[in-house]
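Subject: The structure, and notes to read beside it

Dear colleague,

I am passing this structure on to you, together with some notes on what turned up in it. Please keep the sequence and the model open while you read.

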Amino acid sequence: MTSSQPLRVAVIGAGPAGLGALLALRKVEGVDVQVYEQAQKLREIGAGISVQNNGWNVLEKLNVPPIPPESYFRNTDRKRNEHWNGRNGAYIKAQRDPPGISDERRHIRTPRTRLQEALLKAAPQERIHLKKRLTDVDFLSVGGVKLTFEDGFTTIADLVVGADGIRSLVRRRAFPEHAISYTGRVAYRAAFPMSLVEPIPDLPRKTIFWHGQDGRWIYTTPLGDGLFEITASTLEPKELGEVVSWGQPAEVEALRKHFTEFHPVVGAIIDAVPPQTLGQFAAFSGPQLESIVRYGSVALLGDASHPFAGAFGAGASFALEDAWTLAQAVSYALRNGLPVAEALRLFDETRSPYCSRLYDELRSMAAATEKGKHLPWDERVMDRIEERWGDFEWIFSYDVEAAWNETLNHAETLNQQRQAGSAEDKQLPALL
Ligand SMILES: Cc1cc2nc3c(=O)[nH]c(=O)nc-3n(C[C@H](O)[C@H](O)[C@H](O)COP(=O)(O)OP(=O)(O)OC[C@H]3O[C@@H](n4cnc5c(N)ncnc54)[C@H](O)[C@@H]3O)c2cc1C
């Protein structure tokens, strides 16, 4: 970019990806960043969220204030969680924090609102425009992208950042050939006062996945702010999955029917769920996009760019990593007088191979779930958990800055080679 006009960046969506993009891009000189969010008010639904070492890494870079200790739950050992046989409560294995990290970098579970609040505290509010639902995206032949919103407002941006979640309209316009579909799973989620489960004898005061034979599980954990959380992953027929919209209220009975064979503690926890706190979330996912940028003017972040339905419990951290990386790439291009398309290429070069690795991991997890279908409950649960639920250390130890530096070094080496090549070309006539 050589123009003295700032680069106009429109971010669609104010979830973790959009707020992360705002925090990272507002620091880049020569960028005018605005966020457009459809909600009337920023509020989070869906109970708890995990923040792990890779998430802390990027939250620190974005200068996000800490989450108060009373607002999160952290296991006292170095386990992120434990996996138990859902029927008899037998311990199978634990997933651990990466070795060598400090205590402050360990896994926490916190209400989603707490992460959102922390991001919002660091964000310039005047750049977040609420009640702005994007309804159309036009890629202009003269350059730039025209954005139209439900209330009739229009704006033109040089760069559109699609941070509009798994059902992203920006993705649908830029990649019309891509589609997401129902995974066959519905998640039931609730957060409610811890005092409601405290009387349950043998209630585990730690983070537990209770597993069933056929891939269903229920996750129970203290949450911080005096709350307790459940998330249950269930198998539901296509007819139900396709009509259940995101975050719709659910009946406790609809949840209970999936866990009748489970341990009595699970039954007692489900009995304690106040009906008005339970929501259901149909899980959709889509294949990996070949690239997460298009037309030199669109970048996708977060669930819009890797629609894989909450896998790994780290989607918010992936979204923040995407946002930080995009800002580094834009900053690099602006400082070096390069077009924004080059920034997007570098962003894609850093994040797409990482996404490929996540998709590969998901494929092997799916294969492990399918395995041993003929085995009885206990053996099958044991077999599947051992294989499917690794520590994923490479995910939680991921260093976003090191990954970006690698891309940068590669780009600069190529650049030097190109310059050396063109200097030699200039000498050619004399040699011939
Ligand atoms: C069951 C489940 C459990 C999960 N557990 C965890 C966990 O433990 N830890 C974790 O890190 N992640 C978890 N995730 C994943 C995490 O919720 C997402 O990955 C994360 O919220 C993605 O952030 P995002 O900003 O990309 O999208 P979103 O959070 O979906 O935000 C998108 C935003 O865009 C707005 N928007 C959408 N369309 C438009 C439009 N047309 N115009 C304007 N605005 C628009 C929406 O209102 C929304 O505010 C879980 C997900 C599921 C389904």
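This is a predicted model: local features need pLDDT of at least 70, side-chain atom pairs count only at pLDDT 80 or more; totals for chains, interfaces and linings use all residues.

Residues are numbered from 1 along each chain as its sequence is written.

Domains

The protein chain is assigned a domain 1 (7-71 + 113-180 + 289-410) and a domain 2 (181-285), with bounds that come from an automatic or database domain assignment. Their C-alpha centres are 26 Å apart, and the contact between them takes 18 residues from domain 1 and 19 residues from domain 2; two residues are in contact here if their C-beta atoms, placed from the backbone, lie within 7 Å. On the side of domain 1 that touches domain 2, the largest share, four residues, is supplied by helix H10 (residues 377-388). Helices (H or I, at least four residues) and strands (E, at least two) are DSSP runs, numbered from the N terminus. That side of domain 1 divides into 11 nonpolar, five polar and two charged residues, where Ala, Val, Leu, Ile, Met, Phe, Trp, Tyr, Cys and Pro count as nonpolar, Asp, Glu, Lys and Arg as charged, and the others, Gly among them, as polar.

The ligand

Which residues are closest to the ligand? Of the 34 residues that surround the ligand, the closest are Gly13, Gly15, Gly302, Gly310 and Gly315; a residue is near a molecule if its C-beta atom, placed from the backbone, lies within 6 Å of it. Both domain 1 and domain 2 give at least three residues to this shell. At least two residues each come from helix H1 (16-25), strand E3 (48-51), strand E17 (279-285) and helix H8 (315-335), and the largest share, four residues, belongs to H8. Sorted by class, the shell holds 18 nonpolar, 12 polar and four charged residues.

Helices H1 and H8

Helix H1 is largely enclosed by the rest of the structure, because 10 of its 10 residues are buried. A residue is buried if 20 or more other C-beta atoms lie within 10 Å of its own, exposed if 12 or fewer, and partly exposed in between, with C-beta atoms placed from the backbone. The cover over the buried residues of H1 includes strand E1 (7-12), strand E2 (31-36), helix H3 (112-122), strand E11 (159-162) and H8.

How do we describe a pair of packed helices? Two packed helices are described by the angle between their axes and the distance between the axes. The axes of H8 and helix H9 (residues 340-370) come within 8 Å and cross at roughly 145°; these axes are lines fitted to C-alpha atoms over the stretch in contact, and angles run from 0 to 180 degrees between N-to-C directions. Among the residues that make this contact are Leu326 and Tyr332 of H8, and Leu346 and Phe347 of H9. By class, the contact of H8 with H9 has nine nonpolar, two polar and three charged residues.

Single residues

Isoleucine 200 is partly exposed, with 16 other C-beta atoms within 10 Å, and, not counting residues up to four places away in sequence, isoleucine 200 touches Val265, Ala268 and Ile269. Serine 195 lies in the loop between E12 and E13 as well and is exposed, with 11 other C-beta atoms within 10 Å; its C-alpha atom is 7.9 Å from that of glycine 226, although 31 residues separate serine 195 and glycine 226 in sequence. Aspartate 202 is also found in the loop between E12 and E13, and aspartate 202 counts as exposed, with 9 C-beta neighbours inside 10 Å.

Most residues other than glycine have a negative phi. The phi of aspartate 202, however, is near 65°, a positive value, and the phi of lysine 131 is near 55°, also positive. Lysine 131 is placed in the loop between strand E7 (128-129) and strand E8 (134-139).

With best wishes
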